[in-house]
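Trainee: I would like to learn how to read the features of a model. Can we take them one by one?

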Amino acid sequence: MPLPKVDAVIIGAGAAGPIVAKELAFVGWRVVLLEKGRWYTPADCRKDDLRNQRNPTLGYPFGPEEEGNPRVIVELNGRERVVKPSEPGYNNNAFCVGGGTLSYGAMAWRFHPNDFRMRSTYASKVPRAFENSTLEDWPIGYEDLEPYYEKAEWEIGVSGDVSGDPFKGPRRRPLPMPPLPPTREHEILEKGARRLGLHPFFIPMLRNSVPYHGRPACMRCRWCVGFACEVDAKNGTQNTVLPMALATGNLELRTECSAKEILVDDHGRATGVAYFDREGRLWEQPARYIVVSCGAIESARLLLNSRSRLFPQGLGNRFDWVGRNLQGHTYTGANGLFEEIVYDDLGPGASIAVCDYVHGNPGLAGGAMLANEFIRLPYQFVSGIRDPDVPRWGRAHKEFVRRAYRRIIPVQGPTQEIPVFESRVTLDPKIRDRFGIPVARLSGYRHPHTIEVSEYMAERAAEWLRASGAVKVWLRRAGRGLSAGQHQAGTCRMGRDPKTSVVDPWCRIHDVDNVYVVDASVHVTNGAYNPVLTIMAIAYRAGDHLAREGRRA
Amino acid sequence: MIPSSQIGGGSLKRRTFLASSAAAAAAGCGRKPAAAPGYRFLTPEEADTLGAWVDTLIPPDEDPGAREAGVVHYIDIQLTRWFRKHQSDYRAALSAIDRWSWSRRGRAFALLPLAEREELLVQMEKGKAPRDLFPDGGRAAFDLVLAHAMQGFYGNPRHGGNRGYASWKMIGVPPMPVRGREHYSAAETFPERS
């Protein structure tokens, strides 16, 4: 059933969609924002160690629903599994208003200038990173995003102090909020870093360290990453740009609405979006512009499901690039056991970082930012941080947990991945979701050079911990299987050549004038940092461009 | 069925009786065995066996063990909810380990001393339990119960385990803060332990 036509319909209210919605609503566009999940509030914070976005032992609180949303994962040995959201291999982020930004750890990194030019930086120095890979430069650079990084930092709200990072790109303004006071871990690791000649500093975070924009400061509890903030001190799109956009009266947010396909006419222009509401009724929302912001897996799935006479392989997929180059981050690091108590029960825990190993590692393409881990929850500690020399159970295990819980510091970092053409999202030929829409099928592997860099990063983390006084250190290594997860990216690559990319430098699909993809799908490479601030900056830039260049009804 | 002459102690006689009648009811009418009082799924005998099992994984010492901390209740509750798909795995594994204990030690698993329970679980962890009782040598059942025991012991009390914040007290982290408080003091809630 067709609805009144609007200027723009945006699909997905995650890290990017509400930013584009706000930019358009502020210049008077009539905008509809569709979100598959629900709108949660701080009152929905349950502080449940076994049911959160980081540990779905008893399910995900912020989506997707366990039933009716399967995916198919193809493992390295070729075995296929149909997986529910809480099962390994699903590569979930979140399905809700705010997306991952409702419950994330909220590190607010700008990418390094060289993260946008991996080919130029490494083509001659590290040729093996280019074998069987699609490692490439972005068509835009750090300088193109710089004003939008700043806008995200000030409008959504970032605390921290990056003045001690000599490797960062140039910036015009400092961060709007100071860092939270250092934790015991921070102080211990800072001494170790200085001993090694590294350059430690306070991690930038999308979290209030002081009251900001009408919401309070962080109360420093340990239910942070994976949880909605109980006092609303964590800044996501759901408590910043979205209320601003709604306040204009120009935006309508429709929750629990699942897009089925983008509709295209016989002239190759998109006319709107077909979607199911919560009762399963099918609607058509006509619009002059369509913005796809569902995250790297679901955005690719929606484009592939949007088949028409002119685009039988799916929208934007004329050269078979939609869904390709699926990537995330390869996290490796080390855990260090200390003689003294290092744990002071202060959230969010993650506090100190070094960027000395982001680029310039001998013989390697790229690297990672290294930081101390977010504050651990007891079950997470037991299931993930055990000393491999300690038994998994029994008296010795209990004794280890009792003694070591407050004496261990984990350090880790997101190794920048080398993109692989065969790591991809396709449509499963058989499995469908609760609305009968073909589901995402994930297949592929990590590039060998990604593993090589990640091993190097684990050694650097161990070195940092030893220099900080750890009496025993053990490494956290990575597997070779497909990577996507909460940092999923790359499936609708940004580029100038329609034959080797999906969207242009303004995030517009090459083949169709009025369809944009705005989320981490467009990342050519995913940086050596948590990607959310870059997603936000790209959304501000795309929204700004569309607001100026787009034609309203 | 367990001959009551082989078991000492009044309370156990009662449990044996309940288990026997439950088993008889199940055999006679093809109905599901009745859950123990205070439980949703586990029979009295199963709850005893599982209690001994999780107390082997996380034994009591100066701090509570898994059973005292409510881990059996955690698993029992979840077997009617999130772990519903594991109902038959539990029923089979608890029966199998008990039969193994009877044939090898002449006693119910729940009555074995810690060292003998450990010995059986070590075999299961290695996949070396008798194949007629555990088709895979016991590894899958062992890993399942281990994961659930750790969740119940170290997770939130809201799910029935970690009773009285037993594990959080053990490691020295405070319980959940009260909304509206600036922060909470670990030193006041739990004295610093070294």
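**Reading a buried loop residue**

Mentor: Asn162(B) counts as buried because its relative accessibility is 0%. Buried means under 20% relative accessible area, exposed over 50%, partly exposed in between (1.4 Å probe, protein chains only). This is a predicted model: local features need pLDDT of at least 70, side-chain atom pairs count only at pLDDT 80 or more, and totals for chains, interfaces and linings use all residues. Residues are numbered from 1 along each chain as its sequence is written, chains are lettered from A and ligands numbered from 1 in the order in which they are written, and side-chain values use heavy atoms, with hydrogens and water left out.

Trainee: Where does Asn162(B) lie?

Mentor: In the loop between helix H6 (139-154) and helix H7 (166-171) of chain B. Helices (H or I, at least four residues) and strands (E, at least two) are DSSP runs, numbered from the N terminus. A polar atom of the Asn162(B) side chain lies 3.0 Å from the backbone nitrogen of Ala166(B). Contact means heavy atoms within 4.5 Å. Beyond four places in sequence, the contacts of Asn162(B) include Ala69(B), Tyr154(B) and Trp168(B).

Trainee: Is Arg54(A) buried or partly exposed?

Mentor: Partly exposed, at 32% relative accessibility. Arg54(A) sits in the loop between strand E2 (31-34) and strand E3 (71-74) of chain A. Its side chain makes a polar contact with the side chain of Glu373(A), at 3.2 Å. A polar contact is a pair of N or O atoms within 3.5 Å; within protein, one must be able to donate a hydrogen and the other to accept it, and residues adjacent in sequence count only if both atoms are side-chain atoms.

Trainee: How are two packed helices described?

Mentor: By the angle between their axes and the distance between the axes. Here, helix H2 (residues 44-57) of chain B packs with helix H5 (residues 114-125) of chain B at about 85°, axes 10 Å apart. So H2(B) is roughly perpendicular to H5(B) (65 to 115 degrees). Axes are lines fitted to C-alpha atoms, for helices over the stretch in contact, and angles run from 0 to 180 degrees between N-to-C directions. Trp53(B) of H2(B) and Leu121(B) of H5(B) are among the residues making the contact.

Trainee: Which residues have the most contacts inside the largest nonpolar core?

Mentor: In soluble globular proteins, nonpolar side chains tend to be buried together. A nonpolar core is a set of buried Ala, Val, Leu, Ile, Met, Phe, Trp, Tyr and Cys residues joined through side-chain atoms within 4.5 Å. The largest has 114 residues, with Leu206(A), Ile262(A) and Val518(A) having the most contacts inside it. Helix H10 (residues 532-549) of chain A gives the largest share, 11 residues.

Methods:
Parallel < 35°, antiparallel > 145°, perpendicular 65-115°, else oblique.
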